[in-house]
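Please have the sequence and the 3D model open side by side. This report goes through a few elements of the fold and one ligand site.

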Amino acid sequence: MTERGKEVQRMKKELPIMDEKQAKSDKDYSIYFQPPSLKDAKKRGKEDISVHYESAIPDDMKAIGVGKRYFIRTYGCQMNEHDTEVMKGMLEDMGFESTEDKLEADMILLNTCAIRENAEDKVFGELGHLKTLKQEKPGLILGVCGCMSQEESVVNRIMKKHAFVDIIFGTHNIHRLPMLLKEAYYSKEMVVEVWSKEGDIIENLPKKREGMKAWVNIMYGCDKFCTYCIVPYTRGKERSRRPQDVLAEIRDLARQGFKEITLLGQNVNAYGKDFTDLAYSFGDLMDDVRKIDIPRIRFTTSHPRDFDDRLIDVLAKRGNLVEHIHLPVQSGSTEVLKRMSRKYSREHYLELVDKIRQAIPDAMLTTDIIVGFPGETEEQFQETLSLVRQVRYDSAYTFSYSPRDGTPAASMDDNVPEDVKKDRLKRLNDLMTQIGREQNELLRGQTVEVLVEGESKTNPDVLSGRTRTNKLVLFQGSKELSGQFVHVTITEPQTWVLKGQLVTAQPAKVV
Ligand code: SAH
Ligand code: SF4
Ligand code: F3S
């Protein structure tokens, strides 16, 4: 493992639990601790990334969790959800069992997200609750990991105000969880290990997957540096997993009977660009994945800038490659896109949408949009609304701009007042609701393929499942159909759900 950018810190924890006042007055922790650095995280070095295949769990740690339970709360994106699966896999290989009840847990981990301020507020709120639990149960191990741990301001704040936390580790240190736990158990020190720079790629980490759908990382990090976004700092530079490792993992999931796979990366279209010995793109990877016997393959997230013709050609072959593309636009104004450093214009985006629709006429598009970016005028916001009307997305994740420390946009004048941001978000959401409803209406009377997930949350007589385009479908049927594909005729399309009737009681054959 390369040593670059590592910061491993152990802090004397003289008081097992300190309240905010004590922590502030008794000690200045900054003298003990070099916090992670967003500035260092920004640097993109030329070092090669090595791939490691050895086991992550040392022999003496294989039974450390026997008789103990863990609870992990996950915030943020699918990348974090998948990291949680890896941590669960490691913990269970060490003998821990999972629990859904915090009160029962011997170890609690918060896998955090830093994307917007409200994501961070949730975590600090949760830490407040956990303090009481820790006071009642001093043996409880509390850990904070994920993207917030990569931020120096957050680590400092936890050390000062939440000194009862036992472990803080970053997104590049997940594979080190067994070693960090060992330290936390055998010493009385707070363990802080956050590498400001990405480490290598670690293969063969155990993963605890549940259900019939699986996530597969194809790459880590992001080099796009959109001016509002913290991710390139919290996740490091782009590193692609070797194609043979990705394909072997997917083949193994196919053998295990998984029905759907989502390939994950912050910018999947950049896959392979970091290989120095191989010309192999995301389109090439999709073409190879297409030949594996998994009924449905999705991917997220695509950056419009690098979405090339090769990829469109491959997606047009369909089969198990579903006709749903998540294509974040962020804004409909070329001016705002420029300030966001998205590196495409409104026109380029619309051209791309046209190309995709020509090759895959029934492609369903979804997107992400930010309103209230610094300097966004009403006219520029109107351009976003008009783009949404033109593209007719089936759904969108919409956000109000939230300045993130250390990003270039944080030093721009955040001059759109909060009530204006709120109003724009509401107008955008109203428009999206209307268009989403109209898009669903187009499916009335059509028969769609549904992967049955199980009984609906509110009514056990009703089954729920998803179309290839990931739309939620509800229909009457026997719960034995769970995990199978069926055909359903849509009889009652609504805004967020499609209600329908089963065509036959038999599972459907899927291409
Ligand atoms: N890699 C993905 C997005 C990851 S973050 C991509 O590039 O599409 C998910 C979404 O959060 C982004 O698409 C953006 O819409 C939103 N987002 C990111 N930073 C934000 C910020 N500072 N304020 C508000 N929304 C933000
Ligand atoms: Fe953030 Fe942009 Fe990278 Fe997406 S592509 S993770 S929005 S910097
Ligand atoms: Fe959040 Fe990190 Fe994902 S900031 S959105 S958890 S990459």
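Predicted model: local features only at pLDDT ≥ 70, side-chain atom pairs only at ≥ 80, totals over all residues.

Residues are numbered from 1 along each chain as its sequence is written, while chains are lettered from A and ligands numbered from 1 in the order in which they are written.

**Two helices**

Helices (H or I, at least four residues) and strands (E, at least two) are DSSP runs, numbered from the N terminus.

Which residues of helix 8 are buried? They are V246, I250 and L253. Buried means 20 or more other C-beta atoms within 10 Å of the residue's own; exposed means 12 or fewer, partly exposed in between, with C-beta atoms placed from the backbone. The buried residues fall within an arc of 55 degrees seen down the axis of helix 8, so they line one face. The arc is that of the directions from the helix axis to the C-beta atoms. An α-helix has 3.6 residues a turn, so residues three or four places apart point the same way. Exposed Q244, A248, D252 and R255 sit on the face of helix 8 turned away from its buried side. Strand 10, strand 13 and helix 9 are among the elements covering the buried residues of helix 8. Contact here means C-beta atoms, placed from the backbone, within 7 Å. After helix 8 comes G257, with a positive phi near 95 degrees.

In helix 3, the buried residues include M79, D83, M87 and L91. Their cover includes strand 3, strand 5, helix 6 and strand 13. G95 follows helix 3, and its phi is also positive, near 95 degrees.

**Strands 13 and 14**

Strand 13 (residues 260-264) pairs with strand 14 in the parallel sense over five bridges. Pairing requires at least two DSSP bridges. T262 faces R298 of strand 14. In strand 14 (residues 296-300), four of the five residues are buried.

**Ligand 3**

Around ligand 3 there are 13 residues, and G76, C77, C113, I115 and C147 come nearest. A residue is near if its C-beta atom, placed from the backbone, lies within 6 Å. Helix 7 gives the largest share of this shell, three residues.

Note on methods: Contact = placed C-beta atoms within 7 Å.
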